Amino acid sequence: MSIGQNIPHDSSRGHVTGGSVFIDDRALTQKEVFVLPVGVPAAAGLLKSIETKEALKAPGILAAFTAKDFHHNHWGTIIPEQPVLVENKIGYYDEPALILVGTSMDALLRAKSLVKFDIEKHPAILSIDEAIAKKNFIYKANPFACGDAHSALQKAPHKLSGSFECGGQEHFYLESQACIAYPMEDGQIEIHSSSQHPSETQHVVAEALGLSLHEVVCIVKRMGGGFGGKESQAAPFAAMAALVAQKMQRPARLCLSKDDDMMMTGKRHPFKNFYEVGFDDDGRILGLKAQLYADGGAYADLSSSILDRAMFHIDGAYFLPHAHIEGYVCRTNFHSNTAFRGFGGPQGTMTIESIIEDIAAYLKKDALDIRLLNCYGKNQNNVTHYGQTLTHNTLPDLFAQLKNDSEYLRRRQEIDIFNSQGTGKIRGLSVTATKFGIAFTARFLNQGNALVNVHKDGTVQVSTGATEMGQGVNTKIQQIVAHTFGVPSPDVKVMATSTEKNHNTSPTAASSGSDINGSAALQASLEIKNRLAWLYHNILIGTTMNDIAECPPVDLNQLNLADFHFHDGNVVHLPSGQNISWTELVKKAYLNRMSLGEYAHFKTEGLGFDKARSLGTPFNYFTNGVAVSEVEIDTWTGESKVLQADILMDLGRPLNPGIDRGQVTGAFVQGMGWVTSEKLFYNKEGKLLSHSPTTYKIPSIQDTPRVFNVSFIENNENHQNVHRSKAVGEPPFLLGISVWTALKNALRYKSTQRIPHIKSPATPEELLMELKQYE
């Protein structure tokens, strides 16, 4: 049985031994050239001309291409407004405007400094506040509203208002944006890309080059990390490489350095959210008004959908009887911000968690009591502010169990004592939750397809639209198919994703990769399995006992599929006890001219959201979890440490508990980094300064919690998904918020007269500036 087992990641041996092949590991081919995008040295203005004469004279430089060389120079997942290369109007500092082509990267880097830009600089918008003042918006969402927020706030015994700010975040995938384009016969292009969305890469390349979609094939073997940063933004770099391959009829390799990648590509969206909340003496939320402002950067990219999800997740794990939520995407002169693990959910959830900490400070209560009071219930107070009812809601159970398992009350008492001793250090403790909606909020994306081929020796190849970026989706699909056929997992291979085998695919994003593609693979496998059961049925009744007589056409109406058990490399007919080996049955199917391959298409049922009324069912189900974090702040330096983190999650029936545990711990640490150390620094002209590991601080092993406990509850009720599993990619990222709220809680012990107010990330500087307010 493969489902629920800790099967090793299918690339684990290759990663450890160095055998795994990434884009830049592909061997150089004859006449292959290197490609380097060159960015503009201004955040806003007009590009009047580019002087490449001296650069083209440099040794090893073969060509230079600009926007005019593309058949179509604009792209965009939702709004096709972003140029592949700057044509005239500049959107952000270091925006690609030129492609240099050379025989080596060294030659390209030497020639880059010889390129001269003639730019008419314009004033740049470099903050959300400035964009708000100028009403410079990319998108305004339809408000989400339930009840009567205005009246509820007027009648509330207590009210708080203010703003919450969280910064952006660099994806920091280990493999930067990378692709190789190969010119094929008849003008076709084959592009190997480190992309979460092969179909979009195919489409952007075809449009940019003036080709039809059937003339472009995009192949993705694996990525060295993605986190959303390769959902949309891999495509324009693939178009650049493909242009060179088409124009020069030579293979073209474009692999960005970490510096160029960070300077040219978008990040997580910074948000600034304004709110007014009303509550009673116990801390029960009575009404909430909020305005969410996302920094979209220079172009639309996926910002509208990201803002929508932030608005969906403004409730966090808490019931809002009366709410009015507005949302805006600001256009600024920063790199176009894009998808990032959580896709707006963290920015929405963090807002309500911050508000709850403020309510607790105002009422001088423990914030956990406020959370328990406001938590969504099972049979009442279980309808979201957009009208979706929570079914099989495990949030109350998660809160109660983690409170007990983590010994929260004992630890709170110990922290009270520690903070009273005046050691120069203060500690804090906080619990936050994740209630993450699983589905693409764009309904049409909730579909996938799979091709399953069984070979004569009984081994299986599976092709889906899912892309492997380290998260283990291939291993989970491998397990699903192996379990269906009752064969060992190593007998199933999940192949490189290719648009010629799986067409019009959705991105591997929204935590739905395993759900959608695993369901399609299961569906295809079941069709083959049913045919084999029909064949064995006919063998048993004597219809075909040799290689001359053939099995009649499949008629499942004459078959009780439950009578046939596929397990441990055998097929057992349960009523008679007779069995046949899997490989023997497969051979007989081939000799009987039965199809051993199947294609299946899957779509998620039951989704429907009316954007005009902001009501409906945008999500298939919710993945829930709760975390408690304990932190310590050095009041002299502002340095903070995470002493302990305890996580409890509802992942349904995990397909692979080991892989899911890795996703939970990794997501938590990445979320913790976002809220504590990962600060983006720009100069006054809008140029990113923190564009390398030396200036941008992601968590190291020394930053992880000193004590780190992760547990799952048992839940077999998620019938909406394959084998009753739940998605795990994004939801635990939101649990890292508990580190930030714990820091805010620690500050309460120093701030007896005011509610602590800190931005995210809570860097040592941010904490010190807040502590100074208490002197």
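1. Leu561 is partly exposed, because its relative accessibility of 34% falls between the 20% and 50% limits. In this predicted model, Leu561 sits in the loop between α15 (513–540) and β24 (564–567). Together with Val554 and Leu556, Leu561 makes up a nonpolar surface patch with about 200 Å² of accessible area in total.

2. Helix α15 also packs against α14 (residues 473–485): the axes are 9 Å apart and the angle is about 25 degrees. The two helices are therefore roughly parallel to each other, since angles under 35 degrees count as such. The crossing of α14 and α15 is right-handed.

3. A total of 34 salt bridges is found. One of them is local: the side chains of Lys57 and Glu54 meet at 3.5 Å, N to O. Both residues lie in helix α2 (residues 53–57), three residues apart, which is about one turn of the helix. Lys57 is exposed at 54% relative accessibility, and Glu54 is partly exposed at 42%.

4. A second pair, Asp129 and Lys272, has an N to O distance of 3.0 Å in its salt bridge. Asp129 belongs to helix α4 and Lys272 to strand β16 (residues 271–279), so this contact ties together parts 143 residues apart in sequence. Asp129 counts as partly exposed, with 42% relative accessibility. Lys272 is buried, with a relative accessible area of 11%. Both residues are also members of a salt-bridge network that links Asp129, Glu165, Lys272 and Lys759.

5. Arg427 and Glu632 form another salt bridge, at 2.7 Å from N to O. This pair links distant parts of the chain, with Arg427 in strand β19 (residues 425–438) and Glu632 in strand β30 (residues 621–634), 205 residues apart. Arg427 is partly exposed at a relative accessible area of 23%; Glu632 is buried at 11%.

6. Backbone geometry deserves a separate point. Most residues other than glycine have a negative phi, and most peptide bonds are trans. Lys135, not a glycine, has a positive phi of about 50 degrees. Lys135 is in the loop between α4 (128–133) and β9 (137–140) and is exposed, with 65% relative accessibility.

7. Arg593 also has a positive phi, about 55 degrees, and is not a glycine. Its place is the loop between α16 (582–591) and β27 (597–603). Arg593 counts as exposed, with a relative accessible area of 67%.

8. The peptide bond between Ser760 and Pro761 is cis, with omega about 10 degrees. Pro761 lies in the loop between α18 and α19 (764–772).

9. Another proline, Pro732, is in the loop between β32 (707–712) and α18 (737–748). At 0% relative accessibility, Pro732 counts as buried. Its C-alpha atom is separated by 36 Å from that of Ala124, 608 residues away along the chain.

10. Asn333 is a further buried loop residue: its relative accessibility is 13%, and the loop runs between β18 (323–331) and α10 (345–363). From Asn333 to Asp563 the C-alpha to C-alpha distance is 64 Å, while the two are 230 residues apart in sequence.

Notes: Residues are numbered from 1 along each chain as its sequence is written. This is a predicted model: local features need pLDDT of at least 70, side-chain atom pairs count only at pLDDT 80 or more; totals for chains, interfaces and linings use all residues. Side-chain values use heavy atoms; hydrogens and water are left out. Patches are made of residues with over 30% relative accessible area and no salt bridge: like charges are joined within 9 Å, nonpolar side chains (Val, Leu, Ile, Met, Phe, Trp, Tyr) within 5 Å. Accessible areas come from the Shrake-Rupley method with a 1.4 Å probe; for residues, only the protein chains shown count as cover. A salt bridge is a side-chain nitrogen of Lys or Arg within 4 Å of a carboxyl oxygen of Asp or Glu. Helices (H or I, at least four residues) and strands (E, at least two) are DSSP runs, numbered from the N terminus. Buried means under 20% relative accessible area, exposed over 50%, partly exposed in between (1.4 Å probe, protein chains only). Axes are lines fitted to C-alpha atoms, for helices over the stretch in contact, and angles run from 0 to 180 degrees between N-to-C directions. Angles under 35 degrees count as roughly parallel, over 145 as roughly antiparallel, 65 to 115 as roughly perpendicular and the rest as oblique. A crossing is left-handed if the near helix is turned anticlockwise from the far one by less than a right angle, and right-handed if clockwise.
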